[in-house]
Amino acid sequence: PKIVQMSNYCGIGIDAELSLDFHQAREEEPGKFTSSWGSGADLWGSDSDTRFEKPRMDDGLLEVVGVTGVVHMGQVQGGLRSGIRIAQGSYFRVTLLKATPVQVDGEPWVQAPGHMIISAAGPKVHMLRKAKQKPRRAGTTRDARADAAPAPESDPR
């Protein structure tokens, strides 16, 4: 099994195929390309929908959205349409019957037939922060004890 950690999105099918084509063209002539196709397009859209919850970053849910083809993708990118809302959940199992383009966060590849498990329950990232320390004041009890410690006795031999 291959494990890929996703930060933002996973695409399977036409969007991944376009991303793969774009990626290959960019590798051949990098000077001609400066961004990817999505450019922040809102696939989910803003329309209210009683079947699905409003997406949030902290809800533990993944949104599954589809497009019908390249024209639909162009309309989404241009702000004329939204994608087709398919599902929300924390875990999805996808069965690929043939080799299919896949992308994760814009990094594309061709995935062999088999099962893909897409889960929101990835490894938790813990943020580190510097512990707050009270500033030391000269002459505190702790400092006084350290200064008043007896000197080690010398060996008389």
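**Sheet, helix and core**

Trainee: Across which strands does helix H1 lie, and at about what angle does it run to S6?

Mentor: The model is a predicted one. Helix H1 covers residues 14-28 and lies across S1, S5 and S6. Its direction relative to S6 is about 115 degrees.

Trainee: In what order do the three strands of the open sheet stand, and which of them are at the edges?

Mentor: The pairing in this open sheet is antiparallel, and the order is S1-S5-S6. Strands S1 (10-12) and S6 (107-111) each have a single partner strand, so one side of each is left without a neighbour in the sheet. From one strand to the next, the twist averages 20 degrees. The edge strands are therefore S1 and S6.

Trainee: Which elements give two or more residues to the largest nonpolar core?

Mentor: This core has nine residues in all: Leu62, Ala87, Phe92, Leu96, Val102, Val104, Trp109, Met116 and Ile118. The elements that supply two or more of them are S4 (91-96), S5 and S7 (114-119).

Trainee: Which residues does Val102 touch, not counting those up to four places away in sequence?

Mentor: Val102 is itself one of the core residues. Its contacts include the core members Leu96, Trp109 and Met116.

Trainee: Is Ser19 buried or exposed, and with which side chain does its own side chain make a polar contact?

Mentor: Ser19 is found in helix H1. Its relative accessibility is 8%, under the 20% limit, so Ser19 counts as buried. Leaving aside neighbours within four places in sequence, Ser19 is in contact with Gln103, Gly106 and Pro108. The polar contact, at 3.0 Å, is with the side chain of Gln103.

Trainee: What distance separates the C-alpha atoms of Val110 and Ala16?

Mentor: Val110 has its place in strand S6. Not counting residues up to four places away in sequence, Val110 touches Leu20, Ala99, Thr100 and Pro101. Val110 and Ala16 are 94 residues apart along the chain, and their C-alpha atoms are separated by 8.8 Å.

**A buried arginine**

Trainee: Which backbone oxygens does the side chain of Arg85 reach?

Mentor: Arg85 is found in strand S3 (residues 84-89). With a relative accessible area of 12%, Arg85 is buried. Leaving aside neighbours within four places in sequence, its contacts include Gly45, Ser46, Ser48, Asp49, Arg51, Phe52 and Val64. A polar atom of its side chain lies 2.8 Å from the backbone oxygen of Trp44, and at 2.9 Å the side chain reaches the backbone oxygen of Asp47.

**The whole chain**

Trainee: What pattern does the protein chain follow when read along the sequence?

Mentor: The secondary structure comes to three helices and seven strands. In sequence order, the pattern is β-α-β-α-β-β-β-β-β-α.

Trainee: Of contacts between residues at least 6 apart in sequence, what percentage join residues at least 24 apart?

Mentor: The protein chain has 157 residues, of which 22% count as buried. Its accessible surface comes to about 12800 Å², and 54% of that belongs to carbon and sulfur atoms. For the contacts in question, the share joining residues at least 24 apart is 63%.

Conventions:
Residues are numbered from 1 along each chain as its sequence is written. This is a predicted model: local features need pLDDT of at least 70, side-chain atom pairs count only at pLDDT 80 or more; totals for chains, interfaces and linings use all residues. Side-chain values use heavy atoms; hydrogens and water are left out. Two strands pair if DSSP finds at least two bridges between them. Helices (H or I, at least four residues) and strands (E, at least two) are DSSP runs, numbered from the N terminus. Axes are lines fitted to C-alpha atoms, for helices over the stretch in contact, and angles run from 0 to 180 degrees between N-to-C directions. Contact means heavy atoms within 4.5 Å. A nonpolar core is a set of buried Ala, Val, Leu, Ile, Met, Phe, Trp, Tyr and Cys residues joined through side-chain atoms within 4.5 Å. Buried means under 20% relative accessible area, exposed over 50%, partly exposed in between (1.4 Å probe, protein chains only). A polar contact is a pair of N or O atoms within 3.5 Å; within protein, one must be able to donate a hydrogen and the other to accept it, and residues adjacent in sequence count only if both atoms are side-chain atoms. Accessible areas come from the Shrake-Rupley method with a 1.4 Å probe; for residues, only the protein chains shown count as cover.
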